[in-house]
Amino acid sequence: MFRKHLIALLIIPLLAACGSAQTTSPTVIPTQPATNTQPPATSNPAITLTDGLKRTVTLSGPAQRVVSLAPANTETLFAIGAGAQVVGRDETSDYPATALSLPTIGGYSGYNLEGIVALHPDLVLAGGINTPELVASLEQLGLTVYFLQNPTTLEEMYINLETVAKLTGHESETAALVDSLKNRVAAVDAKIKAVSNTPTIYYEIDATNPTKPYTAGPGTFVDLLIDRAGGKNIGAELSSQYPQISLEQLVVINPDIIILGDSAYGETPAKVSARPGWGTLAAVQTGQIYPFDDNLVSRPGPRLVDGLEALAKLLHPDVFK
Amino acid sequence: MKIRPYLYTLIFLVVAVVLSIAIGSVVIPPLDLGRILIGWLDRAAFPEPLKTFAFILTGIRLPRTALVLLTGAALGGSGAAYQGLFRNPLADPYLIGVASGAGLGAVLAMSINWPYSFWGLLAVPVAAFIGALLTVFLVYTLARVGKVVPTTNLILAGVAFGSFATAVTTYLMLRSTGELHRAIAWLNGGSSQAGWEPVLAMLPFLAIGLGILMLSGHALNLLQFGDDQAQQMGLPVTQARTLILVAASMATAAAVSFSGIIGFIGLIVPHVIRLWFGADYRRLLPLSIISGAGALLLADVIARSVISPQELPVGIVTALVGAPFFLWVLRRAKNQGYW
């Protein structure tokens, strides 16, 4: 009994300190918007949206100075025609190439709050890879933050495009973009409908340990897009998003095709063939090993459709001549 | 009381604080820094870029400096206390499971989808704090034999339970679908929230914990003779050890909950102080607290400037710079058998 009380006693001051901190929080000076942040003269009604953390985000007009905290967000902003409004990016945002000239504000190993504040953004576009702690910190600094939830389907990705379009004032271009993306997906669907075979695919994420490499499991875009491209992802049977699969399992399943999502890290078909024990795989013997740009399927942005097309071509080259 | 060691360490701390305020990824020229500090009261009237600089100072840099200072103080003081308590030069504040317990608590809390709110955000540090203290309590109970708690038992129980908790944490992280990046950020000490809230939340625990440690110098001196002799000299050994253990663990747990797990400071700072200023715990404890704060502040300055605008996790810097520095001090020490 005593111990329970002891713990309660220890926790109460912690909570109390936080509680009082909220009410007596030091005054925050709102950041002075830079002179060119005023929305265009056309009357823009305020924009109010609910974000992925269920926060209500209000902008007085389309954002003119956007800092993107995730590569998919940067790709989305540029794809919908808002690239000129982006003033900062995280260090992993390397697409499109024009984004590379933007200042970086840190990334995975730590986000640089000072750098973000100094850019005077009127919108910080956070993504699924960002923590709620980061969102809270930015909010506390008086910045407007929109947390763009990671989509889990292509439909949700289109909705994300439309959301970012509302935030930045590019709704009509985005409607056209979404239409064209949907048409491209429909074109793939139509061709895949005609094929009769469904090859089994092993998609490699990381094979630092080639006896139990990481692959993509259910609930990932890799899985979803392989399926849509007329293949069967062997990771779909596994139980988490990025599971390790043992080489023994791989030999038993014997996939038709090996896709190297880790080719950016120097994995090549030749290296795969040289791995001890991998020579027994049919895909290795028939040379069905293909390097692949993982960014097309791991970043939940508009390039997922490029990823779908690339996968479909790879799995069914005969119908995509 | 000798004044000099205090003077030196306080100067070190002041220099570290000044550097920590002056250096950041956004360069604030010293002249502007001076103008901001002089014109503090009417900072609302500052022209740009002074206004932005003043905002960065109050909103980001000062709270961070305060958080790092308190964390370093907690680690330095607890490290010295643990080393004295266990009479073991390898002891650090994480020896009996504060870090692994905090990590498990934090990752458990992250596996629940809390609503984004003030309390939802507090769930992780609170769970880390509870995890850390529960672990210490559990280890202490497991190690107890009758009324005494043998030091060896405590260390072994701490290491064993720590491994267990770390394994559970790793398993949870591997099974998680979306929270992996958050857990990694937390475990590297990179996800604490900006602003004054963490500082204010930490403060009462550190004040109590470090306050008790400051008064424990004499008891720790006696404990160095061994438990029996300390008892004969009139020290209530079991009570004193429990109190010191609770105080050090509480300070560390509060620090870890908001700053993440930062290695090496709690190990080397007390050693360097001992080598330079002697092993009297009445002096060693306050000096380790002051120097721990200074050392972590310097490490943090390096962490955020070396690959700016990116930041390194501060734990990498403490080991990368701290280890060679410590080896250098150790080589130079004239009295090799100082321990």
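**View 1. Contacts in chain B.** In chain B, 77% of the contacts between residues at least 6 apart in sequence join residues at least 24 apart. A contact here means C-beta atoms, placed from the backbone, within 7 Å. The model is predicted: local features need pLDDT of at least 70, side-chain atom pairs count only at pLDDT 80 or more, and totals for chains, interfaces and linings use all residues. Residues are numbered from 1 along each chain as its sequence is written, while chains are lettered from A and ligands numbered from 1 in the order in which they are written.

**View 2. Fold and dimensions of chain B.** Chain B has 14 helices and 0 strands (DSSP runs numbered from the N terminus: helices are H or I, at least four residues; strands are E, at least two). Its radius of gyration is 21 Å, close to the 20 Å that the globule rule gives for 339 residues, so chain B is as compact as a globular protein of that length. The radius is taken over C-alpha atoms; the rule is 2.2 Å times the number of residues to the power 0.38. Along the principal axes, the C-alpha atoms fill a box of roughly 70 × 55 × 35 Å. Buried residues make up 52% of the 339 (buried: 20 or more other C-beta atoms within 10 Å of the residue's own, with C-beta atoms placed from the backbone).

**View 3. Helix α7 of chain A.** Helix α7(A) spans residues 221–228; 6 of its 8 residues are buried, so it is largely enclosed by the rest of the structure. The buried residues are Phe221(A), Val222(A), Asp223(A), Leu224(A), Leu225(A) and Ile226(A).

**View 4. Surroundings of α7(A).** The buried residues of α7(A) pack against β9 (200–206), β11 (232–233), α11 (295–298) and α12 (304–315) of chain A. Gly230(A) follows the helix, with a positive phi near 80°.

Terms used:
A residue is buried if 20 or more other C-beta atoms lie within 10 Å of its own, exposed if 12 or fewer, and partly exposed in between; C-beta atoms are placed from the backbone. Two residues are in contact if their C-beta atoms, placed from the backbone, lie within 7 Å.
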